Amino acid sequence: MIRICFVCLGNICRSPMALYVFKDLVKKEGLENDFFIESRGTCDDEIGNDMHPATKSMLDKHNIPYGEHHATRLLKSDYEKFDYFIGMDDYNVLSMEKLFGTNKKIYKLLDFTKNNKDINDPWYTHNFIITYDEIEKGCQSLLEFIRCKDK
Ligand code: 4NP
């Protein structure tokens, strides 16, 4: 079982989007029983809240199923529950390194692609289309990375 936690700031836009995009990819490859996938945020502001409506619209547009969502804060005790913590930007990575006191298990999603840019935060850019495209590319590259590693 490979345990992945996608992490952003609020846990209402980018990390739940990545969670459902990655779940869908894994399901299409027939690998759903090999993965345990969740998402978290590093700040308190949105705790308990549903995904942003525009995040849901992007998932709907791409026929990606999703379930009920309640934004959840990343805790130090989460460290043992996952093998990979996948941040969306450098700030998420820094926050996780500070919380966990290590950089082991911590990655940034676009580090698995040819560029190592941050995923744009649509909370600030209001552009969910760019964010979706970046997340889809990152998730495909992440799955390839894990499959190569396991061979
Ligand atoms: P996310 O976007 O980190 O992609 O979920 C944000 C959502 C909410 C806030 C910041 C970023 N906020 O400050 O409430």
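Which residue follows helix 3, and what is its phi? Please describe this helix and what lies around it.

Modeller: Helix 3 is followed by Gly-101, and the phi of Gly-101 is positive, near 70°. This is a predicted model, in which local features need pLDDT of at least 70, side-chain atom pairs count only at pLDDT 80 or more, and totals for chains, interfaces and linings use all residues. Residues are numbered from 1 along each chain as its sequence is written, and side-chain values use heavy atoms, with hydrogens and water left out. Helices (H or I, at least four residues) and strands (E, at least two) are DSSP runs numbered from the N terminus.

Asp-89 is buried, at a relative accessible area of 11%; buried means under 20%, exposed over 50% and partly exposed in between, with a 1.4 Å probe and protein chains only. At the start of helix 3, a side-chain oxygen of Asp-89 comes to within 3.1 Å of the backbone nitrogen of Tyr-91. Setting aside residues up to four places away in sequence, Asp-89 touches Arg-14, Lys-108 and Asp-118, where contact means heavy atoms within 4.5 Å.

Now the helix. Asn-92, Val-93, Met-96 and Phe-100 are buried in helix 3. They cover an arc of only 100° around the axis, so they are on the same side of helix 3; the arc is taken from the directions that run from the helix axis to the C-beta atoms. The face turned away from this buried side carries Tyr-91, Leu-94 and Lys-98, which are exposed. The cover over the buried residues of helix 3 includes strand 1, helix 1, strand 3 and strand 4.

Strand 3, helix 3 and strand 4 make a right-handed β-α-β unit; right-handed means that, with the strands pointing away from the viewer, the path from the first strand over the helix to the second runs clockwise. Strand 3 and strand 4 pair in the parallel sense over three bridges, and two strands count as paired if DSSP finds at least two bridges between them. In strand 4, Ile-106 is the bridge partner of Phe-85 and Lys-108 that of Gly-87.

On the side of strand 1 (2–8), strand 3 runs parallel to it and is joined to it by four bridges. Cys-5 stands opposite Phe-85 there.

These strands belong to an open sheet of four, ordered 2-1-3-4 with parallel pairing. Strand 2 (35–41) and strand 4 (106–108) are at the edges with a single partner strand each, so one side of each is left without a neighbour in the sheet. Neighbouring strands are turned by 25° against each other on average, direction ignored; axes are lines fitted to C-alpha atoms, for helices over the stretch in contact, and angles run from 0 to 180 degrees between N-to-C directions.

The other end of the sheet order has a unit of its own. Strand 1, helix 1 and strand 2 make a right-handed β-α-β unit. Strand 1 and strand 2 pair in the parallel sense over seven bridges, with Ser-39 in strand 2 as the bridge partner of Phe-6. Five of the seven residues of strand 2 are buried, so strand 2 is largely enclosed by the rest of the structure. Helix 1 lies across strand 1 and strand 2 and runs at about 170° to strand 2. Helix 1 is also among the elements that cover the buried residues of helix 3.

How values were computed. Polar contact = N/O pair within 3.5 Å; in protein donor to acceptor, adjacent residues only side chain to side chain.
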